[in-house]
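Here is a short report for a reader new to this structure. Look through the sequence and the model, then read on.

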Amino acid sequence: MDFSPTEEQNLLVQEATQFLTAEWTTEQRRRMLGDEAGAASTELWKRMVELGWPALRAPESVDGLDASVFETTLLAEAMGRRLTPGEFFGSAVLAVEALRRFGDASGRMEAIASGEVRATVAIWEPGVRWELGVQTGGTVRKTLVESAAGADLILALVRIAEDRVELLEVAEAAIEEFPALDATRPLAGVSFDYGKATVVGTGGEAELSGLLDVATVFLASEMTGAAQQSLDDTVSYVTQRKQFGVAVGGFQAVQQRAAEMLAIIEKARSAVQYAALAADESPEDLPRAASAAKVCANQAAVYCAEQSIQLHGGIGFTWEQDLHLYLKRAKAAEVTLGDSAFHLDRIARSLGLDAA
Amino acid sequence: MPRFADTPEQAAFRLELRNWLEAHPPPADPEWDDLVQWQRTLYDAGWLGLSWPAEHGGRGAGLPEQFIYNQETARAGVPDLANGIGMLIVGPALIVAGSAEQQGRYLPGILSAEEIWCQGFSEPNAGSDLAGLQTRAREDGDDYVVTGQKIWSSNSRHARYCLALARTDPDVPRHKGITAMIIDLQSQGVTVKPLRQITGDAEFGEIFFDEVRVPKTNRVAEEGDGWMVAMKTFTRERANIAIDLTVRLERQLERLIASARDQGCDASTRREVAQAWIDGASLGWTCERLGEQLYGFHSSLIKVAWSETNQRLQTLGLSLLGPEAALGDSERESWQFGYQRSRGNSIEGGTSEILRTIVAERVLGLPRLGK
């Protein structure tokens, strides 16, 4: 029962934090709000490739670093603090985890791990809530695909029978970029002809939920980082902002909320790290732990983003402050990979509480 | 509750304790005398004072062993210890601040429950603002003469001794004029009255001191060090209390889930039960993750989270009863009792408001108003 990161892991997080603080400044991040979005996030991705990050979760057989889920989620928290865009999540998390579980018949993992190829995975379908409907061939329409524009490789998960899911390499995809609530994390629709796609792996419910659970833990860690940043910004603001001749952080109404923000963040961090350790050491505990992590992270990210705006007062409601970016990230991430009701239902089922 | 594997040493410790508890089952439905006898049995077998240094009868164990001890005793249905206040508050205070004579004289009796203890900290006009306490101890030869009133003293009706805070110097800044002392409750001038709470029980009592003579040799640490003694005791012991409460919560959760399963419930209640599971489980994960940090102000976070989680859990348990929640049931295991008792959780041992203020000022570093 060892939650404590090793010195090496602490160093990784420290370096990542320094790198992201330097490379993904407010100015860089704000390029995501305009026409330069693609250029900005591609530049950041190239720097991540130089650092070898795409190889983190890839196996040693393709020169990957085979880092633990625990280590990767520590990095995710640092990324979440800065609101990095979705290239890492699409390629180094979704694509790598999918290929690990479903198979890699085309041998794409090596190029993804080296960063030579940037991939993403199309999972969800329009009108379906965090499930995959059975496809019967023809045109497959996917939605909410992370960082699809400019991706070198688009993979897709397609359910072809009740307990059979294929991992496809998509050719000639039609990509339609959507306006996203969280502009720092672009989303797209992807359509393709099933007949022209190549099957690179297959699996069932276990592979699918394993992939989604690890991705959920990673996302939950990013959200915890974002919540922590909201709190840090709030603490620094209420410490210097004076009204009635004193710093407003001395008022109990403000203090109680700030303390609640910390409580909810610590809870989320615990749930995330427990789930990450479960992924590494006791996979049978992962589904419930991942759901708990997501519920806690949803609560932390949304509460902290909302409270940070409230505690900044009028200035917190302005476009110039980055607080709204954290709010939009929180609300978009809240429904990514399952909202709280979805995960609570999943936990309830695991506790033996079935629908009447 | 899922948790990670013990180290081989921890596993051996767990197994030894589990086997011992199977061979020595705790009393069912215990009366007071049974509780005292049971603590004595635990003491004779060497299970008490795990975190206390070996020279004071303990094992010098760390938090993981404490965690295991709490888990295994909760699993075996071990009741609250008769001398809980002695074990959690008084003993640690004497270990950090008492004289060698006091340690030798009192610590064994605390562990064995031969001498039951209570604490005399809070007063009617000094609750959250403990430093405002008014009980006065004036010097007279080799004694202090103590006059005043204490309240919320758990176990006071059974206690022989009280670790009390009294004001020895009213003319210095208020935190500095307080002294800690051991008061024999059989002294002349002491009156102990039970205090009935909303459940109908009387876990707490009031203690009245009317010109009670306390030998100066009963003073703990130096004159004026009382605040320091109280703070050291609180911060150290909040970690163990946090772990104890968290483990107990798991039992309540199991009851809740079993009730929900047996009675069936609608979709929104299922989600509330799932949320309660998350809240309870995450407290355990946070205790394990924070580890030694629990010895600091982070323990306040655990206390707030625990009390609010237990309140939601008990509220939910009561609501599962449907219309029959309206029936009276004074059994300690009933949701009616649990719900009522839980309302005290966010008040006892520091109100949630005070604890959040501590977190804001001491952990987040927000300014202290008026400072």
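## Where two helices meet

Helix H8 (residues 252-281) of chain A packs against helix H7 (residues 267-290) of chain B at an angle of about 85°, and their axes are 8 Å apart. This is a predicted model. Angles of 65 to 115 degrees count as roughly perpendicular. H8(A) and H7(B) are therefore roughly perpendicular to each other.

Which residues of H8(A) meet H7(B)? They are A:Glu266, A:Lys267, A:Arg269, A:Ser270, A:Ala271, A:Gln273 and A:Tyr274. On the side of H7(B), the residues they meet include B:Gln275, B:Asp279, B:Trp285 and B:Arg289. B:Ile278, B:Ser282, B:Thr286 and B:Leu290 in H7(B) also belong to this contact.

## A sheet in chain A

Chain A holds an open sheet of four strands. Their order is E1-E3-E4-E7, and the pairing is mixed. Strand E1 (119-122) and strand E7 (198-203) stand at the edges of this sheet in chain A. Each has a single partner strand, so one side of each is left without a neighbour in the sheet. On average, neighbouring strands of the sheet are turned by 25° against each other, direction ignored.

Strand E4 (residues 164-169) of chain A pairs with E7(A) in the antiparallel sense, over five bridges. Within this pairing, A:Leu168 has A:Val199 in E7(A) as its bridge partner.

Helix H5 (residues 87-102) of chain A packs on the sheet. H5 touches E1, strand E3 (153-161), E4 and E7 of chain A. Helix H7 (residues 205-240) of chain A lies across E3, E4 and E7 of that chain. The table gives the direction of each helix against one strand.

| Helix of chain A | Strand | Angle |
|---|---|---|
| H5 (residues 87-102) | E1(A) | about 70° |
| H7 (residues 205-240) | E3(A) | about 140° |

## Chain A as a whole

How many helices and strands does chain A have? Its secondary structure comes to 11 helices and nine strands. The radius of gyration of chain A is 20 Å, close to the 21 Å that the globule rule gives for 356 residues, so chain A is as compact as a globular protein of that length. Its C-alpha trace spans about 70 × 50 × 40 Å along the principal axes.

Of the 356 residues of chain A, 56% count as buried. Among contacts in chain A with a separation of 6 or more, 74% are between residues 24 or more positions apart. Chain A exposes about 14000 Å², and carbon and sulfur atoms supply 50% of this area.

Definitions and conventions:
Residues are numbered from 1 along each chain as its sequence is written. Chains are lettered from A and ligands numbered from 1 in the order in which they are written. This is a predicted model: local features need pLDDT of at least 70, side-chain atom pairs count only at pLDDT 80 or more; totals for chains, interfaces and linings use all residues. Side-chain values use heavy atoms; hydrogens and water are left out. Two strands pair if DSSP finds at least two bridges between them. Axes are lines fitted to C-alpha atoms, for helices over the stretch in contact, and angles run from 0 to 180 degrees between N-to-C directions. Contact means heavy atoms within 4.5 Å. The radius of gyration is taken over C-alpha atoms; the globule rule is 2.2 Å times the number of residues to the power 0.38. Buried means under 20% relative accessible area, exposed over 50%, partly exposed in between (1.4 Å probe, protein chains only). Accessible areas come from the Shrake-Rupley method with a 1.4 Å probe; for residues, only the protein chains shown count as cover. Angles under 35 degrees count as roughly parallel, over 145 as roughly antiparallel, 65 to 115 as roughly perpendicular and the rest as oblique.
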